[in-house]
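Keep it short and give the cut-offs.

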Amino acid sequence: MQNEPFHLGICMAGAVSAGAYTAGVLDCLLEALEGWEQKRSLSGTPSHRVTISVVGGASAGGMTGLLSAAAIQQPAAKILYKSWVEMEADSMAPSLLDTADIAATQTLSSLLNGSFIERLSSQAISAATNPSSALPAYMDPALKLFATLTNLAGYPYNISFRSELKKTTHRMSVHRDFACFQLAGPQLLNGKQHERDAPISADPGWMPLNLSSGVNASVLQQAIMAIGAFPLVLKPVRLNRPRKMIQENQWLNQQGLMLDDFPDHSSLQVDGGLMNNEPFEKVRELLQEKAAATHYGSDARDSFSSFTHTILMIDPFPESTGFKDMDSVGLTGVAKQILFAMMHQMKAKPLPIADMMNKEKAGQFLIAPVRYQGSPEQRIEGAKAIAGGSLHGFGGFLSKRFREHDYALGQYNCLRFLQNHFTIPLKHFQQHPLFSKGYEGIDLQPFLCEKKVSVQIIPVFKMSKPAPQWPVMSGNFIDDLKPAIQKRSAAILSVVSDHWFRKRLLQLSGHVFLNRYIANYLLRKIDAGLQEHQLCK
């Protein structure tokens, strides 16, 4: 076992604009691994290895995970920062409210215009076509990346019944979907093959990915756009994949599914967070497969004395479900609870709940937002700790200052996590064949957590990530949005009212009045949401 790396799987939950927090965490993690790699030739450096072998996610987390395929090959391009913080403007609200999408088709595909996602993803993937560095040693050359999707048409299957009816089968469909990629070599550095990387063939059902040579780069971009297609808010995206990849993928082609005979499979997709917003069970499955392929097997998952792999969960919204039995029994209240129950049932994990709740597991770690107001005792956790947690996750799109804060907080939280929580207890340390060997002959003091009771799994050298200041804007900064909101609202109403009866009804009700009412209502809601989050004076 001591010659094997410790395998790390990263699972990134859905986050909407709080993807900036997730990106900050991932950026800090990669920086820490890179800093360790740069010191390997120096004395006093732990010799064991930690390898990122699986990256999976949903919604904004899935987008960040797939973008990491580009970020690891072009670190100087700062792809994660540019994609999640800089974006295209300080406020992305004008882009989201732009009416060019409606004008082009004279149809309403979504409430907001998400075309900027296509442009940002294209820039990120283009930046990786000529890597500035080889694949880092802490990245598995057979790295698997996946994200959850919601297939609107679904995969059909038949259930057979004994019946007097002529039709003896009952048609149903599966709508959980996945975009599955695997790095495929050889990776190129400045147009030349890097010696470390041998040619790698992707596993059955996994699309080979090589951005430096363009293999499946266009499919990756389609997948990033589809993952970010928040239902109804942003338009669905058509994803084209080789049918063979679906047939051979054990997550997709379960027994009985019926696929067409075309060589390419085309499907309309939206955000996979609707079905599975925290796919850690899939990351675990892939890690166990990776461990089973090594000489130490996969049965040492949960013991700190012998675990060989673990899951790192990044979740900007780790709150409880918020279900209340005493909510209103009126029609509106019941409707909300029905929708809430349906969504959470769809996300329910197929793993034993008692198994997942075990706090003693060595195979599960979590990074979530935590910020402090003046002292460690004044903690704010979860959605309230990040600016992107406002407005149901869309608040970060209103200001770059919000996204900068969340990205920096992600870095700050990640560094503290690596120093104090991503550790192995001293009482188990000497029994672990990998970590005890890696730290052999090395002074443990610089690598102990603050309480001196555990040793860092990823040794952290001199890194500084200061806690960011909470961004507070002046209350009138959203007033500038009113013309754009009115224009978008008018465009939506013009499409919705294309039928003569609806058009006449809107005319009678006062088109201008209704448009003004919608704009004022939305501005009040935005202002209230920001005030509640203490983001504006």
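Predicted model: local features only at pLDDT ≥ 70, side-chain atom pairs only at ≥ 80, totals over all residues.

Residues are numbered from 1 along each chain as its sequence is written, and side-chain values use heavy atoms, with hydrogens and water left out.

**Terms**
- Helices (H or I, at least four residues) and strands (E, at least two) are DSSP runs, numbered from the N terminus.
- Buried means under 20% relative accessible area, exposed over 50%, partly exposed in between (1.4 Å probe, protein chains only).
- Contact means heavy atoms within 4.5 Å.

**T45**
- T45 sits in the loop between α1 (19-38) and β2 (50-57).
- Its relative accessible area is 11%, so T45 is buried.
- The T45 side chain reaches the backbone oxygen of L42 at 3.1 Å.
- Beyond neighbours within four places in sequence, T45 contacts W36, K39, R40, I442 and F461.

**T51**
- Strand β2 holds T51.
- T51 counts as buried because its relative accessibility is 7%.
- Outside four places in sequence, its contacts include P5, F6, Y138 and D140.

**N113**
- N113 lies in the loop between α5 (100-105) and α6 (115-127).
- With a relative accessible area of 5%, N113 is buried.
- D98 is 15 residues away along the chain, yet the two C-alpha atoms are separated by 6.2 Å.

**Helix α2**
- Helix α2 (residues 59-71) has 13 residues, and 13 of 13 are buried.

Methods: Polar contact = N/O pair within 3.5 Å; in protein donor to acceptor, adjacent residues only side chain to side chain. Expected span 1.5 Å × (residues − 1).
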